[in-house]
Amino acid sequence: SVSSFELLMTDPVLRMGSNLTASCWVHPDLGVHASSLFWTLNGQQLPSSLYRVLSPTNLSVTLAGLNASKQKSGDNLVCHNHKGHILAGSCLYVGMPPEKPVNLTCWSRNTKDLTCSWAPGGKGETNISTQYTLKYKLRWYGKEKECEDYTHAQPYSCSITRDLHLFTPYEIWVEASNQLGRATSDVITLDILDVVTTDPPSGVTVSRVGQLEDQLSVRWEAPPALKDFLFQAKYQIRYRLEDSQDWKVMDDVGNQTSCRLAGLRPGTVYFVQVRCNPVGIYGSRKAGIWSEWSHPTAASTPHSERLTSGSCDSKSSGDSNSTLRRELKQFFGWVRKHAYGCSSMSMKLYDQWRVLMQKSHKARNQVGSSRG
């Protein structure tokens, strides 16, 4: 397409690939001939082969196949006299109409708001100012409304913070528009209760399990904002070594608010985090959305067992401790193989077996002492 304009009158918005002809007029009383004028684009002088003297007071320039604007404030096309003084100028805005926005996703934090995010369609850049508007309405009888809170830190997102309705589906979509066109995303339908996420679990503590060198106990509290809601929470734990960035995730914690980590390295600092998924709020059948991870909490496992001070028979004591440790590890290996994750049943069984073994070990020592 070909566009033309007087520099003194307009700042044009043009589609990429367009051709442009601009004209610069000078007043006859100035005694300046058009052939002495020249043009610059963003400070760079344009070659005279692009010029055409239309009259003694009128010089035009033609730009073919315009590229996208290099900056959102537009490209500066300027007409100068022979001394370089500016006679007139204009901003060119060269870009593309928006494509259909994609990846529209919404979530509700503790049912108190509804935040949606999306991505621009196509390559994502129109090179000119483009407005995105999130629109919504109740599915069957609602009036169309526009989201107003675009202050969210994430680009291409908006939060609806008032007049929210539970148990009623919403229809939500995004409209993109600029001076070259407009486009609308697909409409999504959702119930707020199906897209709830929570604050991370609070009060996360990590502590040792007595002197068991390969275990740590993790406890936490359910998200307080949902304490009055009827729902079944799921939790995940992840942990890593102090000097590592590789997290190990435990997916099968269930809905309990404590868990024991086993098979850890003795004498080692671990960082632990917990997150929550609110499943089935008020009977919703949809899978919830995982919260952010809690702030990392650190704790260390005990160092490997040392010989008991004051022992009379260091050799037999060391052998006995070594045997007990080996039996404990063998049993716990069996527990981990036949149980899953944070099964309270397996932990209880292990503790009972551990006490029994310690009593048996003590009895054997007493028998050995009486024989001596």
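**Salt bridges in the predicted model**

E144 forms a salt bridge (a side-chain nitrogen of Lys or Arg within 4 Å of a carboxyl oxygen of Asp or Glu) with K135, the closest N and O atoms being 3.5 Å apart. Within this pair, K135 is buried, with a relative accessible area of 11%, whereas E144 is partly exposed at 44%; buried denotes under 20% relative accessible area, exposed over 50%, and partly exposed the range in between (1.4 Å probe, protein chains only). The structure is a predicted model, in which local features need pLDDT of at least 70, side-chain atom pairs count only at pLDDT 80 or more, and totals for chains, interfaces and linings use all residues. Residues are numbered from 1 along each chain as its sequence is written, and side-chain values use heavy atoms, with hydrogens and water left out.

A search of the whole structure finds 7 salt bridges. In one of them, the side chains of E171 and K137 meet at 3.4 Å, N to O. This pair links distant parts of the chain, with E171 in strand β15 (residues 170-178) and K137 in strand β12 (residues 131-138), 34 residues apart. Strands are DSSP runs (E, at least two residues), numbered from the N terminus.

E148 pairs with R162 in a further salt bridge, with closest N and O atoms 3.1 Å apart. E148 lies in the loop between β13 (145-146) and β14 (157-160) and R162 in the loop between β14 and β15, so the pair ties together parts 14 residues apart in sequence. Both residues are exposed, E148 with a relative accessible area of 61% and R162 with 54%. Salt bridges that share partners also join K135, E144, E146 and E175 into one network.

Notes:
Helices (H or I, at least four residues) and strands (E, at least two) are DSSP runs, numbered from the N terminus.
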